[in-house]
Amino acid sequence: MGKDSSMKAAMESGFKRRACKRNLAIFVAVVATNLVALCSVRRELEESLTNYHRVFDQLTKKNAEIAADHDKTPAAAGDSSCPKIGEREILKDLSPEFQHFIAPRKLPLGWNPALSSDTMVLNVGHGCVANKQLLDKFMNYQVGGVCPDDDDLAQKLMGSGCEPLPRRRCLARIPIGFTEPHPFPECLWADMPDSNIHWSAYACKSFECLNTRRMREESKYADCVDCFDLGGKEKFRWTKVTTGPLDFPIPQVLKMKNGGIRIGFDMGGGTATFAARMREYNVTIVTSTLDTGAPFNNFVSLRGLVSMHLSISQRVPFRDNTLDLVHSMHILSNWIPTDTLEFILYDIDRVLRPGGLFWLDHFFCMRRQLDSDYVPLIDKLGYKRLKWVVGDKSDRGAEEVYLSAVLEKPTEARL
């Protein structure tokens, strides 16, 4: 019995030693695997960050190379209106405040699945760095102080392709004597107080001055020379009172969709009279407008309407297939390069919902251009012509014509 017990104890001891060795080996293997995985993840994170900054540096270098090549092309050399980007030392010696704005920054909570990134990169128009002198002036201000009186500078930058403008860390200027706007719906057609506008960027310093520009022949923007006078011609636009077949009353257009027009966009809408009129029919219209020579955006907001300060060159800031209506009066015409106009038309198609309406209001061009250039361009969209009227542009004689049309986007699936 003693011998058997000794043998049994020896066998159990051997099993325990072997089990301990196996467990130790497994533990070492698990620890080693985790260490390798941790090192691999750390290395991938470091490589991702390094690659991000490398790509950023490569893009900076590539922009400079493109700019240099741009200056060598015949078009750039022969066209004085074409900006010589290479002469501006792109992305070199930019103001510290602009560099601070565009610097990529890590998200405080780390990786964001919605962005598929752990870094935020702030967008800015490529035309900004191509206009370094103007950009440096725009970004030269006291951080935390009141912004410089430079609305005209912002307008120049936007006109040079610096859109969107970079954000700034300064407080917006407030006009002296600002008063509360009129309540709705009185605000839609009420006279606006001069004290609610900061006038320094404009030749006119009052609404009376703006409303009498036609008599002084000071305005080069003839289409909107009297659009701030809400008691004049603006009062009758798009109503049942029309001056001819080119003017479509709003009720007539809304009837085409039997209540299906609820939200829309007015491209280059001036003082937003179209949006005000549509508001009276319970349709919400967002207006895009620039402050070219007058405070259009401030005026629109004082009317209780929504304005977007953006140019015709910028992508329409709405999601695909979302709007019931896109309207444009005068702004889309033959002054826009044909290739650019094609991009704009396709962008309008992008934001219109299936069955949505594109209201092309008083598009003007030379008579010979209409059939040869613009009708084929419009027909590329494949829209149904619900209303289509062509007439002479009376101030230019028979050589120039207007086109007013309501076009319906197809509802058939595009796959």
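Modeller: Just after helix H6, glycine 161 takes a positive phi of about 95°; helices (H or I, at least four residues) and strands (E, at least two) are DSSP runs, numbered from the N terminus. This is a predicted model, in which local features need pLDDT of at least 70, side-chain atom pairs count only at pLDDT 80 or more, and totals for chains, interfaces and linings use all residues. Residues are numbered from 1 along each chain as its sequence is written, and side-chain values use heavy atoms, with hydrogens and water left out.

In H6 itself, Leu153, Ala154, Gln155, Leu157 and Met158 are buried (under 20% relative accessible area, with exposed over 50% and partly exposed in between, for a 1.4 Å probe and protein chains only). Helix H5 (132–138) is included in what covers them. Across the protein chain, 38% of the 415 residues count as buried, and there are 13 helices and 9 strands.

An α-helix has 3.6 residues a turn, so residues three or four places apart point the same way.

Leaving aside neighbours within four places in sequence, Leu341 is in contact (heavy atoms within 4.5 Å) with Leu332, Ile336, Phe363, Tyr374 and Leu377.

Leu341 also belongs to the largest nonpolar core, a core being a set of buried Ala, Val, Leu, Ile, Met, Phe, Trp, Tyr and Cys residues joined through side-chain atoms within 4.5 Å. Of its 31 residues, Leu341, Met267, Leu332, Ile348, Phe358 and Phe363 touch the most other members. H12 is among the elements that give two or more residues to this core, together with S3, S6, S7, H13 and strand S9 (397–408). A second, separate core has 25 residues, including Phe248, Ile250, Val253 and Met329.

Finally, among contacts in the protein chain between residues at least 6 apart in sequence, 64% join residues at least 24 apart.
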